[in-house]
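Subject: Structure for you to look at

Hi there,

Here is the structure I promised to pass on. Please have it open while you read, and my notes on what I found follow below.

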Amino acid sequence: MANEDNCPVEATLELIGGKYKALILWHLSQGILRFSELRQVIKGATPKMLTQQLRELEANGLITRRQFNEIPPHVEYSFSPMGRDLLPVFYAIMCWGFKHEKDLPKS
């Protein structure tokens, strides 16, 4: 068991924690998405907050950002190889959510 100074759960939550990071990663598990597509599926996230969360996920190596310098310019986001390793975690969370859906608080 890891000590508190080197807890892998804490380190993982530090990377994926945040107001929208888990939702961003979940939606990217469906495939490559543009910024505008992420804005549509992540309700309530301001462009500034979404940009901040995407930058942190990219800086931490969980997603990749690909910029297209064409007319009109656009950006696509996808899982990095390290981020892709999180997919089983998100599928397990989804299964848990379906199993306990009726017991979960409604937001």
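Let me start with H4, where Leu 50, Gln 53, Leu 54 and Leu 57 are buried (under 20% relative accessible area with a 1.4 Å probe, protein chains only; exposed means over 50%, and partly exposed is in between). Those four cover an arc of only 100° around the axis, which puts them on the same side of H4; the arc is taken from the directions that run from the helix axis to the C-beta atoms. As a reminder, an α-helix has 3.6 residues a turn, so residues three or four places apart point the same way.

Before going further, a word on the conventions. This is a predicted model, in which local features need pLDDT of at least 70 and side-chain atom pairs count only at pLDDT 80 or more, while totals for chains, interfaces and linings use all residues. Residues are numbered from 1 along each chain as its sequence is written, and side-chain values use heavy atoms, with hydrogens and water left out. Helices (H or I, at least four residues) and strands (E, at least two) are DSSP runs, numbered from the N terminus.

Back to H4, which spans residues 47-59. Its 13 residues reach 18 Å from the first C-alpha to the last, close to the 18 Å expected at 1.5 Å a residue (the expected span is 1.5 Å times one less than the number of residues). On the face turned away from the buried side of H4 you will find the exposed residues Lys 48, Arg 55 and Ala 59. The buried residues of H4 pack against H1 (8-16), H2 (21-28), H3 (35-41), S2 (63-68) and S3 (74-79), where contact means heavy atoms within 4.5 Å.

Just after H4, Gly 61 has a positive phi of about 80°. The backbone oxygen of Gly 61 also lies 2.4 Å from a polar atom of the Ser 80 side chain. Ser 80 sits in the loop between S3 and H5 (81-84), and counts as buried at 5% relative accessibility. A polar atom of the Ser 80 side chain is also 3.0 Å from the backbone nitrogen of Gly 83. Leaving aside neighbours within four places in sequence, Ser 80 is in contact with Gly 61, Leu 62, Ile 63 and Thr 64.

In S3 there is another residue to look at, His 74. At 12% relative accessibility, His 74 counts as buried. The side chain of His 74 makes a polar contact with the side chain of Arg 34 at 3.3 Å (a polar contact is a pair of N or O atoms within 3.5 Å; within protein, one must be able to donate a hydrogen and the other to accept it, and residues adjacent in sequence count only if both atoms are side-chain atoms). Not counting residues up to four places away in sequence, His 74 touches Arg 34, Arg 66, Gln 67 and Phe 68.

The loop between S2 and S3 holds Pro 72, and the peptide bond from Ile 71 to Pro 72 is cis, with omega near -10°.

Now for the helix packing. The axes of H1 and H2 come within 8 Å and cross at roughly 80° (axes are lines fitted to C-alpha atoms, for helices over the stretch in contact, and angles run from 0 to 180 degrees between N-to-C directions). That makes H1 roughly perpendicular to H2; angles of 65 to 115 degrees count as roughly perpendicular, under 35 as roughly parallel, over 145 as roughly antiparallel and the rest as oblique. Here Glu 14, Leu 15 and Ile 16 in H1 meet Lys 21, Ala 22 and Leu 25 in H2.

H2 also packs with H6 (residues 87-99), at an angle of about 100° and with the axes 10 Å apart. Ala 22, Leu 25 and Trp 26 in H2 meet Phe 90, Tyr 91 and Met 94 in H6. In H6, Leu 87, Phe 90 and Gly 97 are buried. They cover an arc of only 85° around the axis, which puts them on the same side of H6. The face of H6 turned away from that side carries the exposed Pro 88 and Lys 99.

Finally, the whole chain: six helices and three strands, in the order α-α-β-α-α-β-β-α-α. Of the 107 residues, 29% count as buried.

Best wishes
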